[in-house]
Every structure is written in C-alpha cells, then in structure tokens.
Amino acid sequence: MSTALVTDLTIFVLALLVGIEVIGKVPATLHTPLMSATNSIHGIVLAGAMLIGVTSHSIAGYILAFVAAVFASANVVGGYVVTGRMLKMFRRREVQK
Amino acid sequence: MTSFDTSMQLVYVLAAACFVIGLHLMNSPATARRGNQVSTAGMVIAGIATLVLLIHSGTVTATGWAVLIVGGAIGSAIGMYTARTVQMTAMPQLVSMFNAVGGGAAALVAIYGYIHLENTGVQGTTTVFTLLDVLIGAVTFSGSIIAAGKLQGVVPGQPLLFRGGRLVTLALTVVAIGAAIFLLTTASLPALLIVALAALAFGVMMVLPIGGADMPVVISLLNAFTGTAVAMAGFVIGNWALIVAGALVGASGGILTKLMADAMNRSLTNIIMGGFGTGDSQPLAGPGDSGQQVRSIAADDAAIQLAYASKVIIVPGYGLAAAQAQHGVAELAKTLEEHGIEVSYAIHPVAGRMPGHMNVLLAEANVPYPQLMEMDEINPEFARTDVALVIGANDVTNPAARRTGSPISGMPILDVDQARSIIVIKRSMGHGYAGLDNELYIDPKTSMYFADAKKAMAELTAAVKTLVG
C-alpha cells in the first residue's frame, strides 16, 4: 500500500465517523431537506468530471465527460435550490396572511 | 507535490470543512438555512479550485472546455428548473433522480479514469476502487430511476415479481463478479463495461420487487450507495474533497436507512428481497365488510368532539398527502387553536414516501414546526389527549403490532389507542400496506368518519366554526 492510499483511507474512515456523529443529531423533521442537501454535496463529483475533462482527447472521453458534467451539475444546482426552497417553509410561527 | 498542488488540496479541505459545518447546522430548523448556505459556499470553493487547477494545467483543449461549459450549463439549467417547479409531494422522486445522476456521474468518472489509465498502466489498488465505483454507481443509477418511476406511478407501485426473476438476479451477480475477478488480473475495458451493464441490470431487478411503501428505505439506501460511489471516485482520481463528501453522504444515507428499517421493524434483507405489501392503491371495500362492528359518525358529531376537546393530536399518514389534504388539515388545526385547543401532530418515521416527507408537506401548509412531534416525543402525550384524529394513516396505528404473531409485530407504532377518543378519517374499510385489519377501528373509543380526506377537512372546519364561532 502506498502512502497516498493510506492517507486516502484514513480520510475516508474519519469522514465517515464525523458524518455519523453530525448527522445522528439531525432531527427527523429535517430528514427530507437533509437528503436533498446530501444530494447536492455528492454533486462534488462534478469536480471529478471536470478533472477527467482535462485528460480527454478522444470522442469517447469527451462524451463521458459531457454526460458526467450534465449529471453532476444538475445534482449540485438542483440539490441546493430545492433544499433552500424546503427550508424556507419551516417556520416557528405561522406567517400572518 | 508542488506548492501549487498543496495549496489546491488545502482549498479542497476547506470545502470539505464547509460541508461538515453545513450538515452540523442542520441539527435545528432555526439554523438549517444557514447550514445550506455554508454547504453551498463549500461547493463554490471546490468548483473554483477545480477551475484554477484546470487552467493551471494548461492541457485542456478548446473542445474540452466547450464540453465542460455546455455540459455544466445544461445540467445546471435542468437542476434549477426541476428544483423550482417540483411539487413537495413529488420530492421523493426528485431525490431519487438526484441519486441516479450522482451515482451515474461517479461511475462515468471511474470508467473514464480507467480508459485513461489503461494507456499508462493500471495499478492494482486503483482497479479495486474503479470496480467498486462502477458497480455501486451503476446499481444506484438504474435502481434509482426505477424507484423514481414507482413513486411517480410510471412503474407499478406494487411488488413486481415474476418467475425466474431471482434466477436472473443471481446470474447477473455471477456475471458481474466473474468479470470483476478477471479485471483484477488483466486490464480490459470490455470486462469493465460488462461489469457496468450487469450492475445496471441488477439495479433494475433489485428495485422492481420492492413495494411502494418500502420506498423510504430504498431511497435512503440508494442515497448511501451514491455517497459511497462518489467516495470511490475520489479514491480513483485521488481527490480528498470527493472522498470526504462521499463519506458524509454515505454516513447520512446509512443512518437514514437504519432509522427507516427500524421504524418498520423489518431487516434490510427482508425489504430488499421484496414481495411485501400491496402497493399504494387499495381495492375499495364497503364499510364494515371485515365482519367486525365499527362505529361510523358524521362530520357534525366529529366536530362536536373536536370543539369540546382541550388537547387534540392529529395523526397524518400518506393517505393525507395522496388526497392533497395537508392545507385542509392546517386550516382545521388553526381553527381549533384559535379557540384555545392545544393541537399537535404525531409523525411516524415512515409517514411519507421518504424520511421526513410528512414534515415537509405540513411545513408547506404553514404548520409551525414546533407542532410537528416525533414518535418518541408524542407517544406519552396520547394518554392526556381528548381526541386523536387519524387521517390517512393505518398500519402505524394498529395495536396488533404490540402482540406477537402479526405480520407487523414489533413495529413501533403511535399509541393512538391511549387517547380518550379517536376519530379515524378514511375513505373505506380498505386495508393498509400490510394487508391487515386494523384493530384500532373496532376499539369502542373509535369512531369512523368515512370520507375523502380533503372533503372531510373542509366539512369539519366549517362544522367546528359554527359550533364555537
């Protein structure tokens, strides 16, 4: 195992534990917005799609990078917008109409 | 590592920290919006860092830029449009589609990375992560699309089982594992594509036999898969931001999966094996056809009980959302509250089609979130409650779950039967998802109000207003 791999695995395991700790405290009321928020967070794969775009010099490579870019950006933008829309509806008091 | 690479990695660490802080702020509805903003900021930072990295590398061709910019613009437009227009009742489908594209993108990143590495020589450990990424990502992609189809009603909601289905699933597993083992010894793109195709077919076969009301578990599980696939993509391209983000999402999906499975008292294996339940729509049966005597009441009698109560708990179920009655319920609750009656909502963890779905639907109808109570919070309250109003909920209120020998035995339920009186609003005596008689309905304290939930809410509100107004 290379040092880089050991570092990556360490980061992965620690992030997993942090995730369990942090998300365990999210109340059930917010579980739907939590899911759409994590939707947009896994849209970080957009960065991956961009980075593979760097090395693509073939038609197949361009197509893969294109589809990945469409998917991942839909993920990021859609996830954040819909989470914001939902969270705006959670009010402590009823709004006066 | 050059100092440039190091600073880029540090920027990615900053982005990852924003994700963690953002999720942490979601521990209360009061700070959750700020959490979403912090998380968005993290994503913007990661995006800018990646752009800088690309410009710095100087190897991106004009076509490469065009592909990224056009792809990003199209994806953003689609994401923005659907996020703005989607109905709150359709949220589970949307989240499922987002799982699909996330998993799909992760799988594509790995496949592309593999093509690239094939020319330069593939390392053994990278192959393992590529394989895991492609497997999990592809299963998530096709499985999530089927799940979204079931939720939307495009694919039938009832469990779809057919002869030999399990055999097909088994064969797909063998093919995928076989190709994967071959790949570990020999670098071969066709073998990787076989793994991807088998995983895609497997995803379809996995979700088809699962019934509509088990969707909260399926969506959570696929969410966890997506996160894991993204983390694997991070291993493949050696990017910490992807690893951390993927691990966070994986943890979140995992926790929600466990919560949902516990709330149904069924093991994950049992749910994934499928075949349980009857789907969403019940064949309508006439009142009282189960042979047991139930007490049926009209709107006026129900309104009298409500108007002279001092504490009312509303128990909403998926039927409420299906009848689009959430605004009507909020209106009734408001009327009761204006006359000094304490109203709260008892939300079972699986009341909707995804974790927390019912809370969002009621929040949209302007119900203040402090009134939305979780099962453990509200259960001790039922004994002090004058009227429990059950709307569109069935199995989660069935006292049979407390005894052994029932298909839902051991499932945590809302203690509705502890209330002094119970009103159940239902279209008919049709069974719930588990296909059982609900013993709550024949309880002497229970009155059945047979009506469509939306109409019932309007009638009740009007009747209560004349009584107390």
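Helices, of at least four residues, and strands, of at least two, are DSSP runs numbered from the N terminus. The exercises below concern a predicted model.

**Exercise 1. Locate Asn366(B), describe its backbone, and decide whether it is buried, exposed or partly exposed.**

Solution.
Step 1. With the elements numbered in this way, Asn366(B) falls in the loop that links helix H14 (357-364) to S3 of chain B.
Step 2. The phi angle of Asn366(B) is positive, about 75°, although the residue is not a glycine.
Step 3. A residue is buried if 20 or more other C-beta atoms lie within 10 Å of its own, and exposed if 12 or fewer do. Asn366(B) has 18 C-beta neighbours inside 10 Å and therefore counts as partly exposed.

**Exercise 2. Carry out the analysis for Gln324(B): where does it lie, and what is its phi?**

Solution.
Step 1. Gln324(B) belongs to the loop between helix H12 (318-322) and H13 of chain B.
Step 2. Its phi is near 55°, a positive value in a residue other than glycine.
Step 3. For Gln324(B), 14 other C-beta atoms lie within 10 Å, so this residue is partly exposed.

**Exercise 3. Describe the surroundings of Gln418(B).**

Solution.
Step 1. The loop between strand S4 (387-391) and strand S5 (421-426) of chain B holds Gln418(B).
Step 2. There are 17 other C-beta atoms within 10 Å of Gln418(B), which is therefore partly exposed.
Step 3. Once neighbours within four places in sequence are left aside, the contacts of Gln418(B) are with Phe382(B) and Ala383(B).
Step 4. As for Thr140(B), it stands 278 residues from Gln418(B) along the chain, and 42 Å separate the two C-alpha atoms.

**Exercise 4. Determine the strand order of the six-stranded sheet in chain B and identify which strands stand at its edges.**

Solution.
Step 1. The sheet is open, its pairing is parallel, and its order is S3-S2-S1-S4-S5-S6 (chain B).
Step 2. Strand S3 (372-374) and strand S6 (446-450) of chain B each have a single partner strand, so they stand at the edges and one side of each lacks a neighbour in the sheet.
Step 3. From one strand to the next, the twist averages 25°.
Step 4. Two pairings illustrate the arrangement. Strand S1 (residues 311-316) of chain B runs parallel to S4(B) and is joined to it by five bridges; Pro316(B) stands opposite Ile391(B) in S4(B). S5(B) and S6(B) are likewise parallel, over five bridges, and Val424(B) has Met448(B) in S6(B) as its bridge partner.
Step 5. Although S6(B) is an edge strand, four of its five residues are buried, so S6(B) is largely enclosed by the rest of the structure.

**Exercise 5. State which strands are touched by helix H11 (residues 299-307) of chain B, and which lie under helix H13 (residues 326-338) of chain B.**

Solution.
Step 1. H11 of chain B packs on the sheet and touches S1, S4, S5 and S6 of chain B, with its direction at about 140° to that of S5(B).
Step 2. H13 of chain B lies across S1, strand S2 (342-347) and S4 of chain B, and runs at about 175° to S1(B).

**Exercise 6. Describe how the two domains of chain B meet.**

Solution.
Step 1. Chain B is divided into domain 1 (3-273) and domain 2 (299-468). Their centres, taken over C-alpha atoms, are 37 Å apart.
Step 2. Domain 1 of chain B brings 18 residues to the contact and domain 2 of chain B brings 16 residues.
Step 3. On the domain 1 side, helix H4 (91-120), H8 and helix H9 (240-264) of chain B each supply at least two residues. H9(B) has the largest share, five residues.
Step 4. By class, this side of domain 1 of chain B comprises 15 nonpolar, three polar and no charged residues.

**Exercise 7. Examine the interface of chains A and B, then one helix pair within the model.**

Solution.
Step 1. The contact involves 81 residues of chain A and 95 residues of chain B.
Step 2. H4(A) gives the most to the chain A side, with 29 residues. That side has 50 nonpolar, 23 polar and eight charged residues.
Step 3. The axes of helix H3 (residues 45-55) of chain A and helix H8 (residues 215-237) of chain B come within 10 Å and cross at roughly 35°. The crossing is left-handed.
Step 4. Val45(A), Gly48(A) and Leu51(A) meet Val230(B), Ala233(B) and Ile237(B) in this contact, which has five nonpolar residues, one polar and no charged.

Notes
Residues numbered from 1 in each chain as written. Chains lettered and ligands numbered in written order. Predicted model: local features only at pLDDT ≥ 70, side-chain atom pairs only at ≥ 80, totals over all residues. Axes fitted to C-alpha atoms, helices over the stretch in contact; angles between N-to-C directions. Left-handed = near helix turned anticlockwise from the far one by under 90°. Contact = placed C-beta atoms within 7 Å. Nonpolar A, V, L, I, M, F, W, Y, C, P; charged D, E, K, R; others polar. Domains from an automatic or database assignment. Pairing = 2+ DSSP bridges.
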